[in-house]
Amino acid sequence: MASPTPPRLSWFQRLRRLLHRQPGDVIMANVGQGASDVIVGKNILKIGTLVIPALPVVIALIVVLASGATALWLSLVPATMSDPFNVAIAGFSMIDSQGREHAANADSATISKTLFTTVQDELRQLPPDYKALVWHDSMSFLQKRSTIGVIMSEPAADLSARACAKARSLGADMIVYGVLDERTNPALLRLAFCFQNKTRSRDIGSLDELQQADRLGSPLQLDLPISDVASTANPTLRVRTAVAAKLVVGLRYELGAGVNFQASINRALAVFNQALDFLNKEDGSATRENGGDVVQYFIGREQFLLFQDQATPPASKPEHLAAARVALQHAIELNPHFSRAFTALAGVDFQQLQQLIQQPQRPEQLITDTTTHMNRTYQSAITTAHASGDTSAEAEAHLALALGYWLQANGAILRQPPDSVAAEAALQQADQERAVGSALTQPAQIRLRGFGAMIQGVIANRRAELSAQKGDVAASRASFQQAHAAYEQCIAAGQDDPGDEFLKQQIIATTCTPNAQVVTQLLQKFPQ
């Protein structure tokens, strides 16, 4: 009969056995001149009247050394990212043939690691003013203390929110994540990102505009297994990872805090154009499938930012606005369901219409055509956002359309002779769209809330002026009071989110605060 297997010893028991090992115990002592009553024996140290067991001394020494090493590790190795710009590459989950999702497998881990090294290589080439840091869980414990983990796709409704929450906890400006779906053959890879502009001083537009452009092309078909992305039989995977890395670099340039805005935007534009050239060269053309629509969207965005920037020479502004229109139209051609591209394109119409109605010799037909195109484009943005369940994009499009109707009311007032009936009708449509957009705005979307309040204020402001022109003092006063209350709500939104520099500088400082002051002075002139 076989003898029973001896029980497994704990580490403490193994340490004691090591210290008690026989034979061959060695006891050594140097006793200084004049010492007395000193005993050095096996497992015992006695000096004078103090008797110290050797084993606890060894254990205490180990604890002290371990504690010191831990303290040093905690002080030197970061738990959060603290560079001016930080990118986290999450692990990619895997959905097996039975539809079960797992944290990762060899293929998804290879793709995630390759994306990390690609982004890392791109960021290392940035100038010193645009320093950036990228993290991945393949890094050692001596490089970071936090685990990025995997952003699981179930429940899907919370996927983007969970990714953004992980980015915030890491201190990352951007997190890239994905899922490899093996239920089909070839398998499908979906890449997405969440962008967190922490300072928000250079976020021209809605914060959600970047967060919701959350996919890097359509799902990518892959033949498995994948041994090495560089030499794989899936050349489109190499292209997609390279494009993703270029998008990261472009966004890094766009939001380069503390450096020249014009230089940052031009560098971002150059990178996005390089991404477009890369797609045309390596993949035949830019398509929705390889992320070409997103690249075109960002090209249009940079051109629009250059048009808006005060440092851009006035003579160059029409060129930038025209280039923005072309790029955004290309994005929509590649992806007819790209809601935010529709909103951005309608914003180009808004800027052009604003210029047209102020011209001394008004081109009425061009004004009509531009107005019609703007309204239709905003409606397309609303329809596609609603169809895709993007409530934030839908709210933004309704609010933008409301501002478009307000601009049409201004155009009717500037006609010769002024058309107050058309102006009032446009203001009525503006108020309806504003109400729908505000109802769709979530409480946490403070910027959209402030934007909606600003629109409500300018609509009421214009109504008050129309009523005053007709001699209706009571209606004018009531509308001015509504405008003042809306402007105060707009200002309060800035107080609710003091870190949102765009809200403070581009909405509150330019419209809500000065208009509130003017309305206050006007109300003092009304009879009580």
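Analyst: Buried means under 20% relative accessible area, exposed over 50%, and partly exposed in between (1.4 Å probe, protein chains only). This is a predicted model, where local features need pLDDT of at least 70 and side-chain atom pairs 80 or more, while totals for chains, interfaces and linings use all residues. Residues are numbered from 1 along each chain as its sequence is written, and side-chain values use heavy atoms, without hydrogens or water.

On one side of the story is strand β8, residues 174–181, which pairs with β9 in the antiparallel sense over eight bridges (pairing takes at least two DSSP bridges). A hairpin of five residues joins β8 to β9, and V176 stands opposite F193 of β9. I175 is in contact (heavy atoms within 4.5 Å) with residues including A192, F193 and C194.

β9 also pairs with strand β10, residues 220–222, in the antiparallel sense over three bridges. There, L220 is the bridge partner of L189. Both L189 and I175 are among the residues with the most contacts inside the largest nonpolar core, which has 134 residues (buried Ala, Val, Leu, Ile, Met, Phe, Trp, Tyr and Cys joined through side-chain atoms within 4.5 Å).

Finally, meet a charged pair: D181 forms a salt bridge with R190, the closest N and O atoms being 3.6 Å apart (Lys or Arg side-chain nitrogen within 4 Å of an Asp or Glu carboxyl oxygen). D181 is buried at 3% relative accessibility, whereas R190, at 34%, is partly exposed.

Notes:
Helices (H or I, at least four residues) and strands (E, at least two) are DSSP runs, numbered from the N terminus. Lists of a residue's contacts leave out its neighbours within four places in sequence.
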